[in-house]
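Okay, thanks for coming, everyone. Let me put the model up.

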Amino acid sequence: MRKASFIFIGLLLLSCGQQAEKKAMSEYEACVYEETLNKVKALEGQLPGISSASLDEVDSYLKDVDRLKYRNDTTGMSESAKESCVKLERRVNILKRDAVAASEQRLQTIIIPAEVNDDCLLEKTTAYPVYLEKGDILYYNIGLQKQGTVKLYNADARQLLKTYAQKTKVTDSLVVANKGIYLIEIAPGGTQYASVDITYKMADHNHPIKKVNSEEIEAKAGDFRVVSNKGVVLRAAFDQPRKFTLSSQFKSTFTSAAKSIALVAVQVPAGATDVLYNLRISTSEQDKSSDGKFPDKMNLSYKKVRFLGLPLYETSRGSGLFSTLLDDNRPIREEDAYCNMYVFRSQWAAKQFQDGIKQASQLQYDVDYSTLGTQSCNGRIPAKGAKTIYLAFENERVRYSNYIWVEVLTATPTTEYHATKYTVE
């Protein structure tokens with residue numbers, strides 16, 4: 001009886017081992033299988049849409065398919081489980097093959113937009129850059145309300161490829177012979193609306209799409225696509241700020257060495273149209289770190305706005321540029337520090353004031369640009385052809401002295417040149 005029991009137990013263990021050899025998938029294997037199957041179904045469903053997908057959509061789809069991997073260890077699995085795994089692996093490989101084929105077919109026809117705008121207001125010559133590889137095809141369709149000129153350049157080679165003069169409609173294409181940055185330039189000949197449609201087709205989609213950056217740089221006459229503008233040269237009239245002590249009326253009355261007035265002669269170079277000044281008035285004799293920085297700060301501000309198209313000089317009503325520069329560089333004011341500032345254009349009147357022979361009110365001064373009771377400030381004085389302009393200062397305060405620092409620039413119109421530098425990220 002005991003022997004029979006052992007035989008039964010042995011047969012039972014043999015049967016369990018055979019079942020283990022014919023096991024289906026483990027819980028982990030079944031989870032991987034189910035997850036992969038769901039991804040394959042989803043990507044197979046997206047495959048027909050590739051025929052009309054954008055470049056980014058094609059790229060994203062191919063990445064998703066490329067990440068798809070399935071290969072299970074079928075050792076010991078049941079025949080049905082093993083067959084399911086093999087079928088899924090084959091299905092993954094077929095999807096990868098079909099995805100690549102469909103994507104390559106789509107990429108052969110896909111058109112990439114570089115600039116598309118059907119309501120573009122053009123006020124000046126405007127260029128649209130695009131980076132192209134050898135063999136790419138550039139398409140451009142330009143519509144203008146009135147006649148204008150369209151040009152096509154290879155910016156890297158600094159070469160004009162095509163010109164369409166005095167046209168209202170330009171539709172053309174170019175098979176790119178050399179890789180580089182290409183420009184579609186539109187000269188509207190005045191303000192007008194335009195439709196701009198610039199696209200291209202890539203010959204090799206293994207090259208990434210590259211963005212073109214632009215930067216305005218200084219240039220000289222004759223440079224590639226150089227543009228000239230009216231500008232100004234700002235020059236310091238003094239090497240260092242002119243510093244004066246304006247004694248109080250009480251002190252100047254009883255002390256011959258103390259004076260409540262001061263005069264600064266500004267030499268105006270030939271061709272200069274304006275004098276720009278910075279006046280700091282203080283009740284303290286102590287210098288500040290900002291003293292002497294007026295020329296540098298004004299030139300720095302000028303560089304920041306020189307390409308913005310501001311009016312650089314208008315004889316009749318002043319300069320928008322100068323107002324902008326001066327607003328950016330106003331001195332700090334002290335409420336208790338003030339004086340009178342007079343502008344003399346006559347050497348005789350300036351000397352009469354300086355020698356104390358006559359008061360300013362008895363002399364002919366420029367009322368438009370003189371200020372009474374002014375605090376720290378800056379301003380602009382038109383030269384009006386003068387070779388020398390005299391800035392006169394007077395302290396009318398009875399008990400308190402004032403200290404003044406004067407910095408002056410002269411502005412001379414000039415012709416400046418700049419160009420656009422294009423670079424690829």
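**A helix pair and a pocket**

So, let's start with helix 6, residues 294–305, and helix 7, residues 320–328: their axes come within 9 Å and cross at roughly 125 degrees. Keep in mind that this is a predicted model. What do we call helix 6 relative to helix 7 at that angle? Oblique, because angles over 145 would count as roughly antiparallel and 65 to 115 as roughly perpendicular, and this one falls in the rest. As for handedness, helix 6 and helix 7 make a right-handed crossing.

Who's touching whom? On the helix 6 side you've got F294, M298, S301, Y302 and V305, and helix 7 answers with L321, T324, L325, L326 and D328. Sorted by class, the residues of that contact come out as 7 nonpolar, 2 polar and 1 charged.

Okay, on to the pocket. I picked the second largest pocket, with a volume of about 360 Å³. How many residues line the second largest pocket? There are 18, and those nearest the centre are L55, L62, L107, H205 and N206.

Where does that lining come from? Helix 3, which is 55–66, and helix 4, which is 79–107, each put in at least two residues. Helix 3 gives the largest share of the lining, with 5 residues.

Technical notes: Residues numbered from 1 in each chain as written. Predicted model: local features only at pLDDT ≥ 70, side-chain atom pairs only at ≥ 80, totals over all residues. Heavy atoms only, no water. 1 Å grid on protein atoms, 1.4 Å probe; cavity = no way out; pocket = protein on both sides within 12 Å on 5 of 7 lines; lining within 4 Å. Points joined across faces, edges and corners; volume = space filled by probe spheres on them. Helix = DSSP H or I, 4+ residues; strand = E, 2+ residues; numbered from the N terminus. Axes fitted to C-alpha atoms, helices over the stretch in contact; angles between N-to-C directions. Parallel < 35°, antiparallel > 145°, perpendicular 65-115°, else oblique. Left-handed = near helix turned anticlockwise from the far one by under 90°. Contact = heavy atoms within 4.5 Å. Nonpolar A, V, L, I, M, F, W, Y, C, P; charged D, E, K, R; others polar.
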